[in-house]
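Hi there,

Here is the structure I promised to pass on to you. Have a look at it first, and then read my notes below.

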Amino acid sequence: MLGRFDYQRPSTLPEAGRLLAESEGPVAVLAGGTDLLVDIRGRRHDPRILVDIKRIDALRRLNVDSAGALTIGAAVPLNEMIERAAIRRTLPGLVQAAESIATYQLRNRATAVGNLCNGSPAADMAPILLALGAHLVAWSQRGERTMPLSSLFVGVKKTALAPDEIAAELRVPAPEPGLRSRFLKQQRLRGHDLAVASAAGTYAPTTGVLRLAVGSCAPTPLLLEPIEVGRSSKAVVEEKAVRAVQAAMQPISDTRASADYRRTVLPVLVKRLVSDLLAEGGAP
Amino acid sequence: MTRELRVVGTSVPRDDAIDKVTGAARYTTDLALPGMLHAAILTSPHASARIVRVDLSDARSVPGVRAVLMGSDLDVRLGLYLRDKRILARDVVRYQGEPVAAVAADTLDAAREACRRICVEYDELPAVLDPRDAMAVGAPLVHPDLAGYDHMRGVFFPKPGTNVAHHQKIRKGDALASLAAADIRLEASFYNPPVQHVPMETHASIAQALPEGRVEIWTSSQSPYTVRHLLSVCLGLPHAAIRVHVPYVGGGFGGKAGLGLEPLATVLSRAAGGRPVLVSATREEEFNTMPSRPGLHSTIKIGSTRDGRITALEATYVWDAGAYADYGVNVGRAAAYSGAGPYAIDHCSIDSYVVYTNKVYGTAYRGFGHLEVLWGIERAMDQMARKLGLDPVEFRRRNLLKEGATTITGELFTAGHGKPVECLDAVAKAIDWGRPSDAPSAPHKVRGKGIAMLHKAPAMPTYTSCAAVIKLDEDGAADVLVSGVDYGQGTYTVLRQIAAEELGLPIGKVHITWDCDTALTPYDWQTVASRFSYMGGNAVIEAAADCLRQLTAVAAQALGVAPETIVCEDEAAFPADKPDRAISYKDLALGYAFPNGNAIGGPIIGHGRFIATGLTHLDPETGQGRPAQFWTYGAHAVEIEVDTETGEIEILHIATAVDAGKVLNPLSCTGQVIGGVVQGLGSTLHEGFQFDGKGRLLNPSFVDYKIPTAKDLPRRMTPIFLENPQPGGPYGARGVAEHPMISVPSAIGNALADALGIDYAVLPLSPERVLLGIQSREREKTP
Amino acid sequence: MPSGLTLIEFLRDRLYLTGTKEGCGIGECGACTVLLDEKPVMACLVLAVEVDGCTVDTVEGEATDGQLSDLQKAFVETGAVQCGFCTPGMIMSARGLLRRNPTPSDDEIIEAMAGNLCRCTGYEAILAAVRLAAAAVQPVAEPLTGETGTERRRFLRGVESTRKDGWR
């Protein structure tokens, strides 16, 4: 057995909120469980109650509206997002990020919201969602609040969520017409792996704005300042982007990679990203 | 062998596959005995420490706990070749992860809860983590009492007062002088980190203590008789008092070759009043507590004439054996006598030191030191070729062993050894050696080609033996009984094929018993060393001949003819000129009854055996002797593409040639090659233990210890089998089980040198290592 | 039902369905793959209480009335089984794939199977088995007898040439 905890499966958000607010002892929200259950088994987490949110209809919504704005409920498994044709068409970078996570089996359970709330600097969904300007809606008995995704990440494995809050859904604004998006992840092998370094970007040809975000190179995922491409050549933009990344990153050496390697390979990813995003006649 | 074979040499599928694809196959943790308890282990957090105090009282109070043990409760010392190990650490701990205490309880949860409540007080001691440091004078001693340990005398030579568990020497000719006089000299050093076998099924054992000290065991093991023997020695019991069963085994690769969790399960069962106890390693324990493949530091010196004839080779191998000797001393021995590669070298000096360190202990691993040694040797060969301005294939051709040459232990190389040169030529051709690679797939990528030789003989005692029994069933089918274990290699199917061939039975009427049982299935040494098909095959041939003799004798008597006139074919015995008088096997299998009722003969049970022949001990000073029953040679050639910006390597094509002598089953032989090459890729590109400064293992799980997945395959793999027969091998076959893995890293390292002009000396060739190598070369170039 | 009981513990220890294997306990190796509402998941990271109202398919359900499925036959034929410990998980991942995509491309097969680790086979024979089952090629010999015949040799040659040409 993984542990001695109670299991609750509310069917509404208020029920879930009450459980979080009123229970004695630590409570954990269970969606896919692919991080939580591993942490419980490894005794890094010892909740008294698990609140399974997968039966709450409101949290299972995966909606693309007519303008292309996206609502991703907290209980939506990654594979569902990956297989949604509209998302594949308009936000390929988002799909690339989701596809890079773990394995097919885990993606039937793991969720985008869960990946973010785990708070890892290596969270694969973070860079692209940051670049897309996503917002997170947090729900509690005290009410609902919306925060830009960048506010969620406070430190390594630390988020801005209060103990009584459930991360309920992600809102991704309608992409600019012809928006291009990409995600690149450096791994130790082609098989499933955590990111050693990662980078995501969007480029809107209509506005000429390039947005970049990087992961696994600082205590939190980092959204960089947008870059006005204007008439600059690709090489100039690449140079700007690399300098911005180099200024922002604080890579460490750990079991996965050395700071040196991260410092070397992240600019490579960023250059490739920019090159792909700015390619003439490029697809979304 | 010129006769037409019917079954041997065909791709008969495995019979155990049905149980495995349906989930019916039972492995050790699928077994449940009445009253079975579950065990949990408490391990040491320190690499080296004195155990000051162990408090079990709180643990004992957990409901459901039936036994709690610590090291000082037990007076048993274990060891295959050197008895240096306890079941649970006593007085000191020697590696982080070493078992210190254990609990058996009604449930696994209760056992784990109890373990958490055991209080151990340690006094940390200085740890020695690098075997080169461990060899220095004044280094902390991992085994201060080395002098007092029993060991296999005459074969292994531990050095008390040091951390050297064994020192193997090879002295052929005068390498020192010859090197000094050589036209061209090369010296290079290399490193292999320790790695883990990563069987998909972790170690697991069930033991049930019986009256009179007897014990019955079910275990995931490669060697039931070795488990029985070692327990007999360390528990002071006659062999018959210990019964070992081996159900299906989910992979071994050498990690399950010796004693694993059986001793712990046994003492826990005794302490629990005879209730059966299951001890099963978690994956973290598999990495951190169960043994590894020893690491290796090697320094190689080669001397050559200007025109590329190697005159001398000197090598120093320093093995990181970890905290206990286990198989490590034999790895150091075997790798020494193979330690110059498959080359004709007149002057050779090898010193192979097996050194204790405060890390998880090393054991047998597929290749038994040969992958590690040949990482250095085959890389050095390439570097020497380059220094000489010679093509690496041509350089090898000039120096490979050929008929009339002698190995570094003084063994004469004959036609029966196989043809290493043919292996080399076959792989070179397969990747179009000599023709430059096509353009890489992107401007930041570079391609290269590399080649490496491999060789290995079974590393086994000079008197290694095995036996086989064949008994006939009422329906005339044959049952084969052996105690070698088929843990995936496919040998059981080969043995069925051999029995079918020899007995004249269709393959569907030859069965083999999948449970080994030391009370019932006859002796086999160990299922290691790529010798089971060879030795077991020969034993089965002899057992089949014995059955035929019995069938012939009864049939002759029944028919009133001379036995010499009887042939056995198509499941019947009959006079060669009168096939209409055939008596079917099923009418002979349990004896023959005449029409009037009189009976003759009896149950047909044939037995056969094989013992290693012609092997000698190695001279302790010179290493000269005959250690090898047979050698298997081979080669890899590989073409790679390197991303020079990220350091990632893609294998475009790897061709692997093995001189198998005779391919007994193409399907399973191919399976061994593909599986071995991919496992070799793991050692090459991804795998390696990482330790912190205090000797703690940093990557004890799949999160940070990566093995190849289905996404990590080469674009193309070409297995090539040569069939130059092995005298004495069944149908001319040699063992090939370990060989496909050996030298995979060497070939890729050589290809990398070709692609980048950089000589990498340390494994794994991770993207980081490759890229940082490129970077530092760039820095060197910039003034 | 204790909340902390995982699906794999429930299957193995309570229902005595020991076909599903534990290889790591943290969802990294795929040995415990089962189908949950037709979707492949790691049973070690699902709580038994979570599957209330769901369907669970394990390897024991793959054969019908003692008849091996096309997938099982293919695994036997191509040499996809060596030690067999990864086999149940492999079969369930493959079954999940073929249910949702009966005609997968080679890349789709790899993506579906890459979450299952194998140490013995080097994967090629397993991928060949899935491709074979998907192509609905019937293995022509009963696996147990393994008689060599012209049909069988042609079949295996087809498989072997697949491997020789590589997977991409």
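**A place to start: one residue in chain B**

B:Val446 has its place in strand S18 (residues 445–456) of chain B; helices (H or I, at least four residues) and strands (E, at least two) here are DSSP runs, numbered from the N terminus. Before going on, keep in mind that this is a predicted model, where local features need pLDDT of at least 70 and side-chain atom pairs count only at pLDDT 80 or more, while totals for chains, interfaces and linings use all residues. Residues are numbered from 1 along each chain as its sequence is written, and chains are lettered from A and ligands numbered from 1 in the order in which they are written.

(Buried takes 20 or more other C-beta atoms within 10 Å of a residue's own, exposed takes 12 or fewer, and partly exposed is in between; C-beta atoms are placed from the backbone.) Leaving out residues up to four places away in sequence, B:Val446 touches B:Pro440, B:Val642, B:Thr644, B:Ala755 and B:Leu756. Touching, or being in contact, means that the C-beta atoms, placed from the backbone, lie within 7 Å. B:Val446 and B:Ile649 are 203 residues apart along the chain, yet their C-alpha atoms are separated by 9.6 Å.

Next, look at strand S30 (residues 649–659) of chain B. Nine of its 11 residues are buried, so S30(B) is largely enclosed by the rest of the structure. (Two strands pair if DSSP finds at least two bridges between them.)

- S29(B) and S30(B) form a hairpin with five residues between them, and B:Gly647 in the turn has a positive phi of about 85 degrees.

**Where chain B meets chain C**

How many residues does each chain give to this contact? Chain B gives 53 residues, and chain C gives 53 residues. On the chain B side, helix H1 (17–22), helix H15 (666–686) and strand S31 (716–722) each supply at least two residues. H15(B) gives the most, with nine residues. By class, the chain B side divides into 24 nonpolar, 18 polar and 11 charged residues. (Ala, Val, Leu, Ile, Met, Phe, Trp, Tyr, Cys and Pro count as nonpolar, Asp, Glu, Lys and Arg as charged, and the others, Gly among them, as polar.)

**Domains in chain B**

Chain B is divided into domain 1 (35–127 + 203–280), domain 2 (295–460 + 616–781) and domain 3 (464–611); such bounds come from an automatic or database domain assignment. Taken over C-alpha atoms, the centres of domain 1 and domain 2 of chain B are separated by 36 Å. In chain B, 19 residues of domain 1 are in contact with 20 residues of domain 2. The domain 1 side of that contact has eight nonpolar, seven polar and four charged residues.

**Chain C**

For chain C, the assignment gives domain 1 (7–61) and domain 2 (70–165). Their contact takes 15 residues from domain 1 and 13 residues from domain 2. S1(C) provides the largest share of the domain 1 side, three residues.

Chain C also has an open sheet of three strands in the order S2-S1-S3, with antiparallel pairing. S2 and strand S3 (56–57) of chain C stand at the edges with a single partner strand each, so one side of each is left without a neighbour in the sheet. S1(C) and S3(C) pair over two bridges, and C:Leu36 stands opposite C:Val56 in S3(C).

**Chain A, briefly**

Chain A has 11 helices and 15 strands. Buried residues make up 53% of its 284 residues.

Enjoy exploring!

Technical notes. Two residues are in contact if their C-beta atoms, placed from the backbone, lie within 7 Å.
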